[in-house]
Amino acid sequence: MDAIADLSLRERFERLRAMKLDLDMTRGKPCAEQLDLSLPLLTSRRTRSIQDGADCRNYGYLEGLPEARKLFGEYLGMPAELTYVLGNSSLAVMHDLVVQMLMRQLPDEERKWDPHHEIRYRPVMLCPVPGYDRHFSICERYGIEMVSIPLTDQGPDMDAVESVLGGPKGHRVFGMWCTPKYSNPSGITYSRDVCQQLASMKTAPGFRIFWDLAYNVHDLEEPGDELANFFELCRAVGNEDRPFIIGSTSKITFAGAGLAMLAASPRNLAWFRESLFVRTIGADKLNQLRHVEFLYSMKGIRDHMRKQAAIIKPKFDAMCEVFDRELGGRDIASWQKPRGGYFVALKVKKGCAKKTVSLAGELGVKMTPAGNTHPYGKDPNDEWFRCSPTFPPLEEVRLGAEVPAVCLRIAAEL
Ligand code: PMP
């Protein structure tokens, strides 16, 4: 270590280059060991519903298998009757909701949208930043104007939210993205106070919050963060139609081969069901059955997630140790050690994020493009990038953190 410290940054850069690294730190993916924990899903031979004996090999249950609705309703903090268990991807559910919102009026909607024509018909979505690039891609694809809202360590900056809602664009704001627990990528959890304000703030009719609980049980520390029950908060102030509560097991069992779910008010569900009915005859109930058999209860889910944390926490620790060692006290980067989720987000010296990612690329470390954390891929200050340590083996995580740290130090000196 001392020998390394004696080297100039340039020498270290060349040393790292000579290692001919080939590391992919781009997406937050579970590693093989995490996925192995869910292998029992593949050996189940059960075909009949545990609850009512229905043959899950056949059509039926558009809204999901009753026992899956019960378990994953509880997972989302919602009653079974207000929870649908769907296909494998929550992103697909969110995509469908947005497209349906553009095409059909919601039960409480007074507006008509036409994103590609007159500005007065163009919907606006509030986007807390740093945020999840795939949320933003949906908006970009369908011509929804995105307005960035700074994310504080308590949640979205509510003054900024109120100022957009009360400003000239207020009547066009049709939705807001929220990843309220262990947010992607900053790892923060919204405070109860912020949740309450989001539930009660005044908006145009037809406004929806996409409450994306992708990391709902993904604790790295015990006890994990507490998140308020958003549906309850909304209902208490007469806004029960405001939230779409969304989740999936992509980061619980198999990424891309798990279950997605949507919970919402009776009116919202009835509205969603109309399009679901023409879209599919039903989701994969065998997979729903396997998931219930395997995870069984909230306790089962929590026990399973504890095993995952035991695998990935040392990787988060290693990544943050390297950042502490390389970047601590230098005034060129700040980050919070996450208490859950899949990411470490770094806020770096203004104008340095893109350069850092490009230098890391020269050293064979692929990072998520800087700017991805913001609408349109444009971070106005070029100061955010995210790292996920979950997928690579521990040794590679150390290098995968050292490389961007060294590159950032070089970028900050340029
Ligand atoms: N929402 C967030 C915040 C995510 O980070 C991810 C996965 N990276 C998703 C949704 C996508 O989940 P799914 O696999 O269920 O489509």
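How far apart are the mean positions of the positive and negative charges of the protein? In this predicted model, the mean positions of the 54 positive and 54 negative charges are 3 Å apart, where Lys and Arg count as positive and Asp and Glu as negative, with His and the chain ends not counted, and where the place of a charge is taken as NZ of Lys, CZ of Arg, CG of Asp or CD of Glu. Residues are numbered from 1 along each chain as its sequence is written, and side-chain values use heavy atoms, with hydrogens and water left out. Because the model is predicted, local features need pLDDT of at least 70 and side-chain atom pairs count only at pLDDT 80 or more, whereas totals for chains, interfaces and linings use all residues.

The protein contains 14 helices and 13 strands, these being DSSP runs numbered from the N terminus (helices H or I, at least four residues; strands E, at least two). Its radius of gyration is 22 Å, close to the 22 Å that the globule rule gives for 414 residues, so the protein is as compact as a globular protein of that length; the radius is taken over C-alpha atoms, and the rule is 2.2 Å times the number of residues to the power 0.38. Of the 414 residues, 56% count as buried, that is, under 20% relative accessible area with a 1.4 Å probe and protein chains only. Among contacts (heavy atoms within 4.5 Å) with a separation of 6 or more, 75% join residues 24 or more positions apart.

Strands S8 (residues 243-248) and S9 (residues 260-263) pair in the antiparallel sense over 4 bridges, and Ser 248 has Ala 260 in S9 as its bridge partner.

Thr 83, placed in strand S2, counts as buried at 0% relative accessibility; leaving aside neighbours within four places in sequence, its contacts include Phe 72, Leu 262 and Ala 263. His 304 lies in helix H12 (residues 298-327) and counts as buried at 4% relative accessibility. With neighbours within four places in sequence again left aside, His 304 is in contact with Leu 37, Ser 38, Ile 252, Phe 294 and Leu 295, while Thr 253, 51 residues apart from His 304 in sequence, is 9.0 Å apart from His 304 in space, C-alpha to C-alpha.

Note on methods: Buried means under 20% relative accessible area, exposed over 50%, partly exposed in between (1.4 Å probe, protein chains only). Two strands pair if DSSP finds at least two bridges between them.
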